[in-house]
Amino acid sequence: MRKRKKIGNNRKKREKKEIKKSDKPFVIGFGIFMILIFLWSQFSNNGDISESELLTINGKLNSELIQESSGGTQKTYFWTFLIKNQPVKFSIGGIAKVGFDSKLFKKTETNQSEITVKVDREIYEKSIKDSRNKAVGIKYLASKNRKYFDLKDYNENKKTDIKFSYIFLIIGIGGIIYGLGMKK
């Protein structure tokens with residue numbers, strides 16, 4: 001009787017070992033996902049933005065510089081302001097935000113400062129037509145007092161972001177190699 005009980009217990013242990021799932025598909029899937037992020041960042045880059053694609057807007061600053069956020073748990077922060085007689089908000093975020101000194105802007109500029117911004121012509125026109133999205137990202141910002149960032153700075157920061165995306169490629173390839181080397 002005891003021998004039968006031991007055989008039954010051993011069979012249960014074997015079945016439990018067989019049920020245990022492998023992490024191998026998860027690791028390989030994660031590696032593939034990282035490579036896809038890398039490819040997306042490379043192909044979404046349209047190259048440098050040229051001056052001919054931009055629309056220049058001059059006017060008086062009509063509001064303070066306000067920090068806003070978008071997104072759920074992973075909030076992204078950006079700065080917005082208004083220019084008198086313009087139907088949209090102008091936002092400084094993402095790549096443009098890297099070279100922007102918000103403290104200096106708040107200290108130097110008042111509500112009546114003359115501001116010059118350059119925005120993507122197509123996005124500006126779409127934002128005017130679309131009643132929901134009334135914010136346009138700027139590629140150039142200057143006033144009579146100071147130039148805060150220009151198109152050259154914007155394009156340089158964009159290239160830096162592309163170089164950063166190689167980290168995703170390295171992680172992805174490493175994940176796939178590690179996953180293929182894993183036992184079951």
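Tutor: Start with Phe 30, which sits in helix 2; helices here are DSSP runs of H or I with at least four residues, strands are E runs of at least two, and both are numbered from the N terminus. Keep in mind that this is a predicted model, where local features need pLDDT of at least 70, side-chain atom pairs count only at pLDDT 80 or more, and totals for chains, interfaces and linings use all residues. Residues are numbered from 1 along each chain as its sequence is written, and side-chain values use heavy atoms, leaving out hydrogens and water.

Student: Is Phe 30 buried, exposed or partly exposed?

Tutor: Buried is under 20% relative accessible area, exposed is over 50%, and partly exposed lies in between (1.4 Å probe, protein chains only). Phe 30 has 38%, so it counts as partly exposed.

Student: What about Leu 39?

Tutor: Leu 39 is also in helix 2 (residues 24–43), and at 35% relative accessibility it is partly exposed. Its C-alpha atom is 8.3 Å from that of Leu 169, 130 residues apart along the chain.

Student: Where is Glu 109?

Tutor: Glu 109 lies in the loop between helix 4 (102–108) and strand 5 (114–120).

Student: Which side chain of opposite charge is nearest to Glu 109?

Tutor: A salt bridge needs a side-chain nitrogen of Lys or Arg within 4 Å of a carboxyl oxygen of Asp or Glu. Lys and Arg count as positive, Asp and Glu as negative, with His and the chain ends not counted. Glu 109 is buried without a salt bridge, and Arg 146 is the nearest, 7.2 Å away.
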